[in-house]
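Below are my notes on the model, as numbered points. Please read them with the structure open.

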Amino acid sequence: MDSKAEAKFDHAAIVDTLATRTGLSVEAIKRDFLDNLFYVQGRSFESATAVDHYQALAATARDRMLRRFVRSSQVHKTMQNRTICYLSAEYLPGPHLANNLINLGILEQTRTAMTELGVDFELVLDQEEEPGLGNGGLGRLAACFMDSLATLEIPAIGYGIRYEFGIFDQVLHDGWQHEVTDTWLRHGNPWELRRSRTCFDVRIGGRTEQYADEHGRLRAKWVGGETIRGVANDTPILGYGVANANLLRLWSAESPVSFDFKAFNLGDYYGAVQHKVQSETISKVLYPNDEPETGKRLRLIQQHFFVSCALQDMIRLYCQSGVPLERFHEKFVVQLNDTHPAIAVAELMRLLVDEHHLDWDAAWNVTTQTFAYTNHTLLPEALEKWPVPIFQSILPRHLEIVYAINSRFLDEVRVRFLNDWDRVARMSIIDETEPRYVRMANLACVGSFAVNGVAELHSRLLCDTVLKDFHDMWPEKFHNKTNGVTPRRFLMNANPGLAGLIREVLGTAWERDLAALRGLEPYAEDAAFRARWRAVKAGKKAELAARIEAETGVRLDPATLFDIQAKRIHEYKRQHLNILHVISLYSHIKRDPGIAMVPRTFVFGGKAAPGYHMAKLIIKLVNSVAAVVNHDPQVADRLKVIFVPNFNVKVAQFIYPAADLSEQISTAGKEASGTGNMKFSLNGALTIGTLDGANVEIREEVGAENFFLFGLTAEEVMRRKAEGYRPRDYYDSNADLRAAIDLIERGLFSHGDPRLFRPLVDALLEHDEYLAFADFESYAECQRRVSLAYTDVEAWTRMSILNTARLGKFSSDRAILEYNRDVWRVPPVPIDLNGL
């Protein structure tokens with residue numbers, strides 16, 4: 001048989017195999033599921049557990065995903081198209097199975113297949129572990145963007161770290177947060193493909209040496225130190241309604257030499273594996289506690305590790321084209337998701353200059369046309385900076401490169417702003433305050449061709465405050481890109497009843513064009529439709545109540561107003577303002593048991609950073625208030641408080657659809673954007689919030705009459721602080737606030753121990769950094785308006801429908817289209833499966 005005939009035969013065999021393993025019918029799914037149960041899990045149908053069912057069904061979905069993934073890879077490699085590389089220290093994808101079935105278009109076929117086999121489909125879905133790859137909004141945004149990039153057919157690679165133990169699982173003991181190991185990989189990860197041959201060595205420590213190359217040019221060489229190997233683990237990311245699949249490539253850290261046989265034979269058994277243990281530590285945990293110096297060192301090593309692996313991988317892929325590296329930026333555009341990957345600016349310079357021998361100016365031209373930087377914070381302490389001694393001990397060559405970049409940059413600043421020496425000091429990449437620091441946000445601004453904030457208010461404040469000097473120098477670099485969320489996960493997956501109701505009246509166009517939800521507006525005036533809308537909400541509230549009771553033993557009444565604040569615990573997000581209001585309501589009932597009050601269930605959720613003691617104290621206060629309120633028969637039918645432990649995407653998919661009221665109450669000017677606000681509103685919750693982050697734009701879109709606004713503006717916050725803010729004045733003048741604080745201070749919620757919450761009370765009375773006291777009266781009055789509005793069931797439902805109808809702007813698809821139009825300029829590449 002000649003080679004052409006063999007190729008034809010092989011192709012026919014491949015097509016036949018694909019038809020067998022990637023069919024979309026109920027019968028094909030059943031057959032493949034049973035095959036995978038037997039051949040992948042090694043289980044008979046009779047002996048299989050729910051976890052076996054999950055693994056087999058995941059393999060069944062992955063078979064169908066890989067056809068799209070392999071075909072997309074083939075097309076992208078052949079076309080050599082421009083590609084977006086998204087660098088993020090975290091991704092928070094949530095459970096994959098249901099989302100992948102939705103994107104494959106086989107969710108209902110799969111449900112039917114499992115039902116016909118006698119398998120509980122919902123139980124199977126519940127077996128999936130939450131991938132421990134992210135912490136909060138930053139990681140969830142990255143996951144939404146990856147979903148949208150694939151859906152919009154834009155070639156992209158997401159790069160990050162494959163954390164073995166994620167961040168942590170939150171458990172509550174006596175109301176306190178305790179962190180336990182997140183063993184999300186204990187059953188394996190059926191979605192990833194380990195690429196052991198795609199690996200790169202990364203150096204840390206050591207020293208630099210100068211030498212002359214063959215042309216007599218002085219060059220630097222990084223020598224000594226330790227070498228860590230990064231190995232690629234690939235997860236296909238499917239688009240919805242298209243055949244495209246993009247790549248999420250996460251790096252696991254390993255030792256190039258995993259076992260020292262000589263040390264072992266000498267009896268040094270720990271020494272034989274010491275380097276393996278040390279190397280693998282790098283990809284063990286997301287965001288190690290950086291209070292001790294060892295934690296700071298590990299975080300910097302993590303950032304360098306994944307950035308170096310990613311850039312080496314891009315250069316490897318690029319060099320396959322044979323095009324000179326001076327045109328690298330024409331092939332790849334690299335988006336820095338916050339300051340964590342900002343070391344990429346120095347690392348690309350090192351790779352181009354030291355490893356590939358470009359001259360400095362050519363390398364800098366490539367670098368500054370490759371990177372774009374997204375800033376996610378207005379908090380100065382969150383703009384990462386590294387002590388120079390730590391930076392130098394880990395990345396000695398990078399420090400030299402940073403010094404060289406800074407020297408050339410500050411020459412530009414001095415010429416541009418004559419005699420403005422304070423500005424020069426502020427803009428320097430090196431903070432000369434002892435012990436001296438490397439400012440990573442400054443490095444990102446200098447090394448990027450575009451800089452953006454993530455909400456209109458945030459972007460304006462960036463240009464007016466923390467990055468003002470850079471905006472003054474390069475106004476053309478700065479722009480806004482308001483965040484968005486994917487409707488596939490947070491409506492179609494999380495709230496199938498609501499999605500189904502919307503499809504009945506609008507069809508399916510909104511699933512890929514969220515602006516089409518505007519078509520719901522007339523239905524807000526339809527009494528029958530409003531009744532069906534309420535029924536969906538009631539069902540999701542009952543579902544959440546049942547889940548909370550099963551986990552905590554606390555019984556909730558779905559007929560009450562579900563008032564929910566679920567997000568990372570931080571003082572600027574002001575969970576303490578919320579709980580002060582709860583205490584105030586409790587105090588009112590105790591003083592006047594006959595007082596009329598709309599029954600409410602207050603739901604809190606979120607994790608505190610392990611080293612953030614005040615945030616942990618706030619969690620303890622919420623749980624202590626719950627312990628008193630929930631066991632007081634005098635208020636039992638009017639107030640209930642619950643803290644839902646271990647808030648993550650899996651839990652969020654139950655929480656967002658069940659909310660009546662969404663608490664978005666951060667201090668104005670502190671939240672960059674927020675995306676929880678969007679997810680709640682998309683599911684028909686009404687918002688109580690300040691003019692902060694994306695709240696401003698949500699209110700503009702849904703209408704001021706459908707948003708409960710309170711509090712100081714960002715400008716008023718700054719002015720109040722500049723004038724000398726005195727929180728005790730508010731305590732003295734507001735009887736409700738004073739009563740709430742006094743109940744805490746006198747030990748009602750601490751078994752009579754006034755010392756337990758004293759650090760929180762003292763911080764509020766003496767400093768109140770985030771102006772909770774200043775906003776308390778406005779917040780309490782606004783909550784009274786909420787209660788009044790909730791008593792008009794039809795009007796509340798109308799407002800709920802309009803919130804969903806007008807959320808189209810906040811799709812991650814819209815955000816990605818804007819990034820691509822203004823920053824990346826990557827042509828879409830549709831995939832045709834007929835080629836495979």
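1. Helix α30 packs through its buried residues against α23 (575–591), α24 (613–629), α29 (727–733), α31 (758–766) and α32 (772–790). Contact here means heavy atoms within 4.5 Å; helices (H or I, at least four residues) and strands (E, at least two) are DSSP runs, numbered from the N terminus. The helix spans residues 735–745, and its buried residues are Leu737, Ala740, Ile741, Asp742 and Ile744. Buried means under 20% relative accessible area, with a 1.4 Å probe and protein chains only.

2. This is a predicted model, in which local features need pLDDT of at least 70 and side-chain atom pairs count only at pLDDT 80 or more, while totals for chains, interfaces and linings use all residues. Residues are numbered from 1 along each chain as its sequence is written, and side-chain values use heavy atoms, with hydrogens and water left out.

3. Both ends of α30 deserve a look. At its start, a side-chain oxygen of asparagine 734 comes within 3.1 Å of the backbone nitrogen of aspartate 736. Just after the helix, glycine 747 has a positive phi of about 95°.

4. The largest nonpolar core has 265 residues, and Leu87, Met314, Phe391 and Phe708 touch the most other members. Helix α10 (residues 293–319) gives the largest share of this core, 12 residues. Another core, of five residues, lies apart from it and includes Val75, Val829, Ile831 and Leu833. A nonpolar core is a set of buried Ala, Val, Leu, Ile, Met, Phe, Trp, Tyr and Cys residues joined through side-chain atoms within 4.5 Å.

5. What does leucine 87 touch, not counting residues up to four places away in sequence? Its contacts include Tyr159, Phe306, Val307, Ala310, Met314 and Val334.

6. Histidine 479 sits in strand β16 (residues 478–480). Its side chain makes a polar contact of 3.0 Å with the side chain of lysine 481. A polar contact is a pair of N or O atoms within 3.5 Å; within protein, one must be able to donate a hydrogen and the other to accept it, and residues adjacent in sequence count only if both atoms are side-chain atoms. Leaving out residues up to four places away in sequence, histidine 479 touches Ala450, Val451, Asn452, Gly453, Ser459 and Val823.

How values were computed: Buried means under 20% relative accessible area, exposed over 50%, partly exposed in between (1.4 Å probe, protein chains only).
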